[in-house]
Amino acid sequence: MGFCLIIVPLLALTGYWLRQQRLHQWQRQRLRPVWLRNLHWGLGSVFLALMIFLWAFGVVGTVARHGSLQYSGHFWAGNTMLALTLLSVWSANQINNRKAWPVIRLWARPVHLGTNLVILLGLGWVSWTGWAVVQQYLH
């Protein structure tokens with residue numbers, strides 16, 4: 001989980017740089033650097049992989065320890081975070097979908113940005129509930 005807390009600010013920073021490049025591209029008559037886009041996509045891929053791993057680890061660990069899924073706050077926080085991450089990835093793919101109608105791309109960017117803002121809040125929620133779960137195991 002700690003690695004996710006490092007990746008999210010890096011994603012926000014590279015996303016901001018990409019936005020700035022897009023907004024000022026017409027003034028500079030230059031294209032965005034490819035490495036920046038690749039870095040953002042790579043970090044996003046790592047974040048997605050971490051979310052899937054952490055979700056699966058939590059489900060398997062809970063079933064192994066308790067014999068079933070116990071529907072705690074952390075269970076719902078983890079499921080919500082995974083769903084938000086998948087929505088963010090899907091909307092990012094719609095932004096860059098060259099075959100899609102332009103109307104699709106118009107709504108995809110606000111969905112992607114809005115989802116990422118909710119993910120920031122969700123990280124606090126899942127961290128808080130996860131800390132409570134860890135405390136149960138330590139006692």
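Student: Before we start, what should I know about the model?

Tutor: It is a predicted model, where local features need pLDDT of at least 70 and side-chain atom pairs count only at pLDDT 80 or more, while totals for chains, interfaces and linings use all residues. Residues are numbered from 1 along each chain as its sequence is written, and side-chain values use heavy atoms, with hydrogens and water left out.

Student: How many helices and strands does the protein have?

Tutor: Let's begin with the terms: helices (H or I, at least four residues) and strands (E, at least two) are DSSP runs, numbered from the N terminus. Here we find 4 helices and 0 strands, and the pattern along the sequence reads α-α-α-α. The C-alpha atoms fill a box of roughly 60 × 30 × 20 Å along the principal axes.

Student: How do I compare the span of a helix with what is expected?

Tutor: The expected span is 1.5 Å times one less than the number of residues in the helix. H2 has 33 residues and reaches 48 Å from its first C-alpha to its last, close to the expected 48 Å. H3, with 23 residues, reaches 33 Å, close to the 33 Å expected. Just after H2 comes Gly67, which takes a positive phi of about 85°.

Student: What share of the residues is buried?

Tutor: Buried means under 20% relative accessible area, exposed means over 50%, and partly exposed is in between (1.4 Å probe, protein chains only). Of the 139 residues in this protein, 26% are buried. The protein exposes about 9500 Å², and carbon and sulfur atoms supply 71% of that area. Accessible areas come from the Shrake-Rupley method with a 1.4 Å probe; for residues, only the protein chains shown count as cover.

Student: Which residues of H2 are buried?

Tutor: An α-helix has 3.6 residues a turn, so residues three or four places apart point the same way. In H2, the buried residues are Leu36, His40, Leu43, Phe47, Leu48, Leu50, Met51 and Thr62. H3 has buried residues too, including Phe75, Gly78, Met81, Leu82 and Thr85.

Student: Why does His40 count as buried?

Tutor: His40 counts as buried because its relative accessible area is 17%. This residue lies in H2, which covers residues 34-66. Not counting residues up to four places away in sequence, His40 touches Leu11, Thr14, Gly15, Leu18 and His112. A contact means heavy atoms within 4.5 Å.

Student: Is His74 buried or partly exposed?

Tutor: His74 is partly exposed, because its relative accessibility is 29%. It lies in H3. Leaving aside neighbours within four places in sequence, His74 is in contact with Val126, Thr129, Gly130 and Val133. The C-alpha atoms of His74 and Gly130 are separated by 5.8 Å, although the two are 56 residues apart along the chain.

Student: How do I read a pocket?

Tutor: Rolling a probe the size of a water molecule over the atoms shows where empty space is left. On a 1 Å grid over the protein atoms alone, where a 1.4 Å probe fits, a pocket is an open set of points with protein on both sides within 12 Å along at least five of seven lines, and lining residues have an atom within 4 Å of a point. Here the largest pocket has a volume of about 990 Å³. Of its 31 lining residues, the closest to the centre are Gly15, His40, His112, Leu113 and Asn116.

Student: Which helix supplies the largest share of that lining?

Tutor: H1 does, with 9 residues.

Student: And what about the second largest pocket?

Tutor: The second largest pocket holds about 860 Å³ of space. Of the 30 residues lining it, the closest to its centre are Gly58, Thr62, His74, Gly130 and Val133. H2, H3 and H4 each supply at least two residues of this lining.

Note on methods
Points joined across faces, edges and corners; volume = space filled by probe spheres on them.
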